Amino acid sequence: MDLTFLGASGEVTGSCYLLRTDRARVLIDCGMFQGSATADLKNRRPLAVDPATLDAVILTHAHIDHSGRLPLLTKSGFRGKVFCTPPTVALTDLLLKDAAHLQSEEADRMNRRRQRRGGPRATPLFDEQDVPPLIKRLTPVPYARDVEVAPGVRVTFHDAGHILGSASLSITVSERGRTRTVAFSGDLGERNSVILNDPTKLTHADVIVLESTYGDRDHRDLAQTVAQFKQLIVNSAHSRGKVLIPAFAIGRTQTLIYYLAQMHREGLLGNAPVYIDSPMAIAATRLYQSHADSFDAPARELLRTGRNPLTL
């Protein structure tokens, strides 16, 4: 067995790992590089493996830094399955279509500038026509179900508590009479956060590939952060002020809605209106609501008593 890091090595975007055995080639994630001056060059660089030779892809979750280069695989001849959890299928469809649209818009803007200067035409990394062939290959697998994805390679998805459908992976490789387990953490959620379950504890692995985005810092206690957030919102509502909150459309926005809905039920917001100024965030929130079976116990209890944790 051989494991090659093709991204998220020395940086925190572009997650992509190639697992090779004497019988199989499996890719774990194929994310987009983001945030650096060289990101576009890295995204356009051919993979160190021919996509047509891959037996399968395993996707930990839908965020673009883990899923954003998947359409390039089908464009380059990949014809296998992409295994992921059922909610990840829906979120990946949403995110990749949005990414394709944004890239096409950016290419159009660049071409208008380049046309005036006589420069070469810009092309998007992939466009909206490239997404459906990839989406057709997404194969849903529930948490805790063991499935063979390639000869001698089996995977079990475990709830990672990061975003809806996010997973840690236990990959069991059988080769030449030996069996070894490689665990991939994926992106891990914070314990005791709202809506989703805490990350599942894995009990065995011979090798662990662990995310370390915030591995070099200590964060403030979650309860203190929530208390400060609520106080800011209450102060603004009472003074008839306005609060603008930039938030990731998937994950962070739903967490904010949860706390605002809680404050509304407690009578802390008065008649203050709440607006979500993001079509993607609205669509993602609806997807969360349609997968309430992934909610944690307190969120499911709210639903049981007729109160939607994601509706004010």
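Buried, on this tour, means under 20% relative accessible area, with exposed over 50% and partly exposed in between (1.4 Å probe, protein chains only). The model is predicted, so local features need pLDDT of at least 70 and side-chain atom pairs pLDDT 80 or more, while totals for chains, interfaces and linings use all residues. Residues are numbered from 1 along each chain as its sequence is written, and side-chain values use heavy atoms, leaving out hydrogens and water.

Start with the aromatic rings. The structure holds three aromatic pairs (Phe, Tyr or six-membered Trp rings with centres within 6.5 Å; planes under 30 degrees apart are stacked, over 60 edge-to-face, the rest tilted). Select Tyr17 and Phe184: this pair is tilted, because the ring centres are 5.4 Å apart and the planes stand at 45°. The two residues are 167 apart in the chain, Tyr17 in strand S2 (residues 16-20) and Phe184 in strand S10 (residues 178-184). Tyr17 is buried at 10% relative accessibility, and Phe184 is buried at 2%.

Finally, show helices H7 (residues 252-265) and H8 (residues 279-290), which pack at about 70° with axes 9 Å apart. H7 and H8 are therefore roughly perpendicular (65 to 115 degrees). Where do they meet? Look for Thr253, Gln254 and Ile257 in H7 against Ala281, Ala284, Thr285 and Tyr288 in H8, with contact meaning heavy atoms within 4.5 Å.

Conventions
Helix = DSSP H or I, 4+ residues; strand = E, 2+ residues; numbered from the N terminus. Axes fitted to C-alpha atoms, helices over the stretch in contact; angles between N-to-C directions. Parallel < 35°, antiparallel > 145°, perpendicular 65-115°, else oblique.
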